[in-house]
Amino acid sequence: MLTVRLPDGSEKNFAHSVTPRHVAEEIGPRLAKAALAAELDGATVGIDFALPEEGSVALRILTKSDPESLAVMRHSCAHVMARAVMRLRTGVRLAFGPTIDAGFYYDFDLDEPISEDDFPQIEEEMRRIIELDEPFERIEETREKSVQICRELEQTFKVEHIQEGLANHETLSFYQQGEFLDLCRGPHVPSAGVIGAFKLVSVAGAYWKGDQSRQQLQRLYGTAFFRQQDLKSHLETIEEARKRDHRVLGKRLELFSISPLVGSGLILWQPKGAVIRGLLEEFVKSELQRRGYQPVYTPNVGRVELYEKSGHYPYYSDSMFAPIMMEQDEQYMLKPMNCPHHIMIYKARPRSYRELPLRLAEFGTVYRYEQSGELSGMTRVRGFTQDDAHIFCTEDQVADEFRGCIDMTQFVLKSLGLENYRVRLGFRAPDSDKYVGPEASWERAQQSLVEVCDSLGMAYEVELGEAAFYGPKADFVVTDCIGREWQLGTVQLDYNLPSKDRFDLEYIGSDNTPHRPVMIHRAPLGSMERFIGVLIEHFGGAFPLWLAPEQVRVLTVSEKSEEYGREVEEQLQSRGFRVAADYRAEKLGAKIRDAQLELVPYMFVVGERDREAGAVSVRDRVESRNLGAMSLDSAIDRLQAEVSQRLVRRTFSGDAGLGERGTSNEY
RNA sequence: GCCAGCGUAGCUUCAAUCGGCAGAGCACCGCAUUCGUAAUGCGGGGGUUGUGGGUUCGACUCCCACCGCUGGCUCCA
């Protein structure tokens, strides 16, 4: 006998084999009709799933109102899409078609490539399939039979997947809908009719099993919702993201530019962007000073031998700019990392334990030859400046230093209105030869990271295989105001570069014998380019007052007030504000409009009335509102208070569902 | 690097019918206007249609190569 526990605490007993559908029918016909899937002891299953005949299970029937059913429905929609493509095309071989955060995709190998022009036709065919409202039927087969079925269907990727990826599965499942039969773990919704609204989003290349050395397939991305209005609002959020694109805003607001003649992926900071960067650097520098870091400067090139010693050259030569050849035995690299240089500063003389922790900081510019297809605006570039520092400390100091790095990162992010983030601990993958150093050091380093995170009560997730080659790391993955994730700051523990085989770092301990220090690599912002790119999108170009390239614009009502306007402008300038003025022979409305669109936080409107009173009329951009006339001094006090608090007055808040594309790998 | 798409004036605002005279808006410059909280009017300049080659009587339009960009894949010390 089976006991089924329901969410309301009640229990139902069944003497014979049942499915969630039967359970739902027992509860009521309404629920049975609305049931799309079920949650069985925490896992999502289809409503036709055969529950065990004995024992006790927790079961929750899932309907449209449960978020879990959205993923199930989207996976079904991926099948509908694949079915439509197979109706329209010949020689379609199916690969994987999972659900992702914002929708789903399916990978195909096709005789003729699909382009976006084909979307309307595919969508039309999908609509037809959905109208038929045919059920998704689950079929279970033995391995041999499954291979045979896939062979007959000429689905060679599926054959391979059964034989390799699913080698330890005794039985396999298929889902059938009309003429469409696909190897698939499921679950699926009962029938296609529940797919309320869908849209094909994009088409892209993707390698079979994510392996660059294997065949490239076409990946068709789509999304689906139960209700048309949810699809609409999803598309609106994508549109919102598009409007905030830092590449567009960066050009419009004259923050940065990229010139093909200078080179792809190389950022030219325009004056206004340079203001923002300079302010952020000052902000970080003052924190570094407070926290006992010492600034250093190092050159932009270094001999190849330096990077051979560090191990970067053997590991990353493909993504480094080629060496600069001088003589046969004299080659220089553009530096891809600052750490080897900082290490040489440490090594410039013998070190005592009394000096540790030694914290060396530099806004170090590095160059990496990223693949051309990787480049994107400021977020993925070939030259960038890290807010870098390397801490050399004793084993005993590691935890405190690591804690200090986390603290500084949290402080900096918070000051910029980036309060939504998670921490990802990147650990080594077992049995990989990608890493340097003995396993014991790795264990120790990984253990320290976990202990510090636990002691701070900080949530984190461990990801295997995400470590740097020399040590494990803690990455800060920041969610911006429309729900997209960005990897920004990082703290990395390193027991390897100091080792005998690498740079053989030492300090003399209190026992008067040499000891090996531990290194911590850390960059709270990551790179200035990427960080500011993300900030542009986060703020939609409307920077808080303390960072705004132009903080105040003086607007004259007419040319009659120009002289007074210039006085006000000069006053603001001398009080430390970044100020501009609009003396054009335009109407006030036009000047206001331009300043609003250029995202200037405050406008000081000056006319004859103000001149007579020695006042300014303050207009606030955020509220798009006239705050009224006030004395210049009180207006300045007001702004100064806002600057000194580093007040972040507004960021859009919402969720585009554009988060990292984590897949749950249905097949 | 790979797959797909795109490239017309400073502008990710865009037009140019089937291959038949490259044209608007915004921005910019000039003149007039002297204005009180999101666009004053008039006039003007600005183009080797990404680059190079090909097909054609004729190419923004069709074909090839290259460059750049976009969306993905792979990569990310």
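This is a predicted model: local features need pLDDT of at least 70, side-chain atom pairs count only at pLDDT 80 or more; totals for chains, interfaces and linings use all residues.
Residues are numbered from 1 along each chain as its sequence is written, and side-chain values use heavy atoms, without hydrogens and water.

**Helix pair.** I looked up helix α9 (residues 271-290) and helix α15 (residues 528-539), whose axes come within 11 Å and cross at roughly 110°. Axes are lines fitted to C-alpha atoms, for helices over the stretch in contact, with angles from 0 to 180 degrees between N-to-C directions. Helices (H or I, at least four residues) and strands (E, at least two) are DSSP runs numbered from the N terminus. The angle makes α9 roughly perpendicular to α15 (65 to 115 degrees). For the contact (heavy atoms within 4.5 Å), I list I276, R277, L280 and E281 in α9 against M528, E529, F531, I532 and L535 in α15.

**Sheet.** I found three strands in an open sheet, ordered β9-β10-β11, with antiparallel pairing; two strands pair if DSSP finds at least two bridges between them. β9 (137-142) and β11 (180-183) are the edge strands, each with a single partner strand, so one side of each has no neighbour in the sheet. Neighbouring strands are turned by 30° against each other on average, direction ignored. Six bridges join β9 to β10 (residues 171-177), and I139 has F174 in β10 as its bridge partner. I also noted that helix α3 (residues 67-88) packs on the sheet, touching β10 and β11, and that its direction makes about 125° with that of β11.

How values were computed:
Chains are lettered from A and ligands numbered from 1 in the order in which they are written. Angles under 35 degrees count as roughly parallel, over 145 as roughly antiparallel, 65 to 115 as roughly perpendicular and the rest as oblique.
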